[in-house]
Amino acid sequence: MSASNLKVVLTRRLPDAVETRMRELFDAELNLTDAPMDRAALESAMQRADVLAPTITDRIDAELIAGAGEQLKMIANFGAGVDHIDVEAAVARGIIVTNTPGVLTEDTADLAMTLILAVSRRVVEGAQVMAEGRFTGWTPTWMNGRKLWGKRLGIVGMGRIGQALARRARRSGFRSHYHNRKPVSAAIEAELGATYWDDLDQMLGRMDLISLNCPATKETHHLMSAERLAKLQPHVILVNTARGELIDEAALADAVREKAIAGVGLDVFEHEPKVHPGLVGHANVVLLPHLGSATLETRREMGERVIQNIMTYANGHRPPDRVIPAML
């Protein structure tokens, strides 16, 4: 089938330039309302699409995949994470799954550093003081935050984003430590000045700051459980720009209430878009609406990567960003 005849269904609205290029290249069906598809709409889309282009808001499980039309040969995800797609079920049906890795690395690392700075220096709290007209003048003992220079940053997940964060951390005077499935190369460790821990629990209890940068898998679900949160020192700041499911939010809310943790910065949530009510309204908790890759440049690049994957498939070649179960 030629590219121009490929029925490509987009589940959400994408940047105008991306949608326009999709219409030029494919028989692209756009979602002009940008309303998330419900299950029935996804079922219908998968019955008529040759290529489905979903986002993180679409839960594509084994049952949906089993009911897909025989013509569906590709799921070209708009985003790096694929935990919302049952990749194993898709591959078993002969459906290619792709993602958009790499292009959102720097933006997500920027946001992780932003959360670290915002929580430690009480930036959001201070901005609220100004917005409400409560600033009455400088005083030596008011609105004191925490110094970051020389602090130990524990990075959980040293992939592209973890490494990008470690580079920023080193320039900011942090000492980076990390836990990963396996150590990065000696050259990368030297570049980042990073110390590897094979035991996550041992690392957590020794850090001043913790950043979660690992993918969501069965093994990492509730990685930060009540038991693990209890291992943190009370002066720790925890930030998460990866996936909300990494944290047991109810346990984290308990830790915040009990003042067992100094601060929290979250860009993702366990039951997104819902946020655990116990995390709302605290001066030391900064909550953002999933802004990790939200720059104009990166969202366009993500769309271009989706197009590249579809075009490569249409031309009879292996898409550059193909995802297989062994990678997860």
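Mentor: Let's start with helix α2 (residues 39-48), whose buried residues are Leu-42, Ala-45 and Met-46. These three cover an arc of only 95° around the axis, so they sit on the same side of α2.

Trainee: What kind of model is this, and how are residues numbered?

Mentor: It's a predicted model, where local features need pLDDT of at least 70, side-chain atom pairs count only at pLDDT 80 or more, and totals for chains, interfaces and linings use all residues. Residues are numbered from 1 along each chain as its sequence is written, and side-chain values use heavy atoms, with hydrogens and water left out.

Trainee: What makes a residue "buried", and what is the arc taken from?

Mentor: Buried means under 20% relative accessible area, exposed means over 50%, and partly exposed is in between, with a 1.4 Å probe and protein chains only. The arc is that of the directions from the helix axis to the C-beta atoms. An α-helix has 3.6 residues a turn, so residues three or four places apart point the same way.

Trainee: What do the buried residues of α2 pack against?

Mentor: They pack against β1 (7-10), β3 (51-53) and α3 (62-66), where contact means heavy atoms within 4.5 Å. The element names come from DSSP runs numbered from the N terminus: helices are H or I with at least four residues, strands are E with at least two.

Trainee: Why is Arg-122 called partly exposed?

Mentor: Its relative accessible area is 26%, so it falls between the 20% and 50% cut-offs. Arg-122 is found in the loop between α5 and α6, and has a positive phi of about 55° although it is not a glycine.

Trainee: Which other residue has a positive phi without being glycine?

Mentor: Met-143, with phi near 60°, in the loop between α6 and β6 (152-156). While we're on the backbone, the peptide bond from Glu-272 to Pro-273 is cis, with omega near 10°. Pro-273 is in the loop between β11 (263-266) and β12 (285-287).

Trainee: What makes something a cavity and not a pocket?

Mentor: On a 1 Å grid over the protein atoms alone, a cavity is a set of points where a 1.4 Å probe fits but cannot get out, whereas a pocket is an open set with protein on both sides within 12 Å along at least five of seven lines; lining residues have an atom within 4 Å of a point. Searching the whole structure gives 2 cavities of 30 Å³ or more.

Trainee: How do the residues of the lining of the largest cavity divide?

Mentor: Into 3 nonpolar, 2 polar and 4 charged. Ala, Val, Leu, Ile, Met, Phe, Trp, Tyr, Cys and Pro count as nonpolar, Asp, Glu, Lys and Arg as charged, and the others, Gly among them, as polar. Its lining includes Arg-146, Lys-147, Lys-151 and Asp-208.

Trainee: Which helix gives the largest share of the lining of the second largest cavity?

Mentor: α6, with 3 residues; α5 (105-120) and α6 (123-131) each supply at least two. That lining divides into 6 nonpolar, 1 polar and 2 charged, with Arg-122 among its residues.

Definitions and conventions: Grid points are joined across faces, edges and corners, and a volume is the space filled by probe spheres set on the points.
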